[in-house]
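Trainee: Could you go through this structure with me? I would like to ask about its parts in turn.

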Amino acid sequence: MNNIKLALLGSQGAGKSAVLVRFLTRRFIGEYASNANSLYHKRLSIDGRQLNLEVFDPCSQSSEARCILEEPVDWADGFVVVYNISDCTSFINAKNILRQIREARLKNCKGEVEVPVCLVGNKQDLCHARQVREDEGRCLAQENRCHFQEVSAAESYQDIANLFTQLIRQVMEHLKYRADRRRYSGSKSMAKLINNVFGKRRKSV
Ligand SMILES: Nc1nc2c(ncn2[C@@H]2O[C@H](COP(=O)(O)OP(=O)(O)OP(=O)(O)O)[C@@H](O)[C@H]2O)c(=O)[nH]1
């Protein structure tokens, strides 16, 4: 059974909980208690593989620029960064979060920066009050080499289900790549060790 850990990040009120609850329950619930960090668990099957999904939905900080990443950035295998298309401040905050994910990974994970991330422009139903154009979101995602999707947690389930499924697939590939790389470097150093031991012995015969 694969364990997959995701973290949702974004401005206060961007709709992180709404997006997540839509994915987990197919329902839109208007208001959520937002004064505590939440960890959600779900078992699901993707491409015939059983998964244990854990999703961390941190309680937002009032100061947007403050780093809310320190814990989830080490813990998570993938990220969903949410902004509200009718709030340009939330978009600027998403930009900062993407940068912080890159920097923190660079610092903590020896250059392994390609952690799977999906940038989500939520509240698409509020397009009459739009402050962030779709191409701005797409462009930011391209710059950060991550997937992008505009959604409305209020109105639709399918886009949200698709983006989580795609992100989870990417995370599974990423974890497999990391495990293969560890195995490869492990067997390389084992080969070196054997070579050192037996190579030397053969010389001394
Ligand atoms: N119109 C509209 N409102 C939404 C949508 N998604 C969420 N909301 C509303 O936006 C508000 C904030 O949603 P939350 O899901 O609590 O946002 P959050 O990012 O989890 O907020 P914090 O927990 O405070 O960080 C709530 O009133 C939701 O009902 C959406 O797609 N469309």
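Predicted model: local features only at pLDDT ≥ 70, side-chain atom pairs only at ≥ 80, totals over all residues.

Trainee: Which residues of H4 are buried?

Mentor: The buried residues of H4 are Gly137, Leu140 and Ala141. They lie on the same side of H4, because they cover an arc of only 100 degrees around the axis.

Trainee: And which exposed residues does the face turned away from the buried side of H4 carry?

Mentor: That face carries Asp135, Cys139, Gln142 and Glu143, which are exposed.

Trainee: Let me step back. How many helices and strands does the protein have?

Mentor: There are 5 helices and 6 strands in the protein. Read from the N terminus, the order of the elements is β-α-β-β-α-β-α-β-α-β-α.

Trainee: How do S2 and S3 pair, parallel or antiparallel?

Mentor: Strand S2, residues 38-46, and strand S3, residues 49-57, are antiparallel and share 9 bridges. As an example of residues facing each other, lysine 42 stands opposite leucine 53 in S3.

Trainee: What do S2 and S3 form together?

Mentor: They form a hairpin, with 2 residues between the strands. In the turn, aspartate 47 has a positive phi of about 55 degrees.

Trainee: What about S1 and S3, parallel or antiparallel?

Mentor: S1 and S3 pair in the parallel sense, over 6 bridges. Leucine 6 has valine 55 in S3 as its bridge partner. S1 also pairs with S4 in the parallel sense, here over 5 bridges. In that case glycine 10 has valine 82 in S4 as its bridge partner.

Trainee: What does valine 19 touch?

Mentor: Leaving aside residues up to four places away in sequence, valine 19 touches Val82, Val120, Asn122, Val151, Ala153 and Ile160.

Trainee: Which residues of the largest nonpolar core touch the most other members?

Mentor: The core has 42 residues, and those touching the most other members are Val19, Phe79, Val80, Val81, Leu119 and Val120. At least two residues of this core come from each of S1, H1, S3, S4, H3, S5, H4 and H5. H5 gives the largest share, 6 residues. As background, nonpolar side chains tend to be buried together in soluble globular proteins.

Trainee: Where does isoleucine 101 lie, and why does it count as buried?

Mentor: Isoleucine 101 lies in helix H3. It counts as buried because it has 23 C-beta neighbours inside 10 Å, and the cut-off is 20 or more. Its C-alpha atom is separated by 23 Å from that of valine 21, which is 80 residues apart from it along the chain.

Trainee: Last topic: what percentage of the residues in the protein is buried?

Mentor: Buried residues make up 33% of the 205 residues. As for contacts with a separation of 6 or more, 71% of them are between residues 24 or more positions apart.

Notes
Residues numbered from 1 in each chain as written. Pairing = 2+ DSSP bridges. Helix = DSSP H or I, 4+ residues; strand = E, 2+ residues; numbered from the N terminus. Buried ≥ 20, exposed ≤ 12 C-beta atoms within 10 Å, placed from the backbone. Contact = placed C-beta atoms within 7 Å. Core = buried A, V, L, I, M, F, W, Y, C linked by C-beta atoms within 7 Å. Arc of directions from axis to C-beta.
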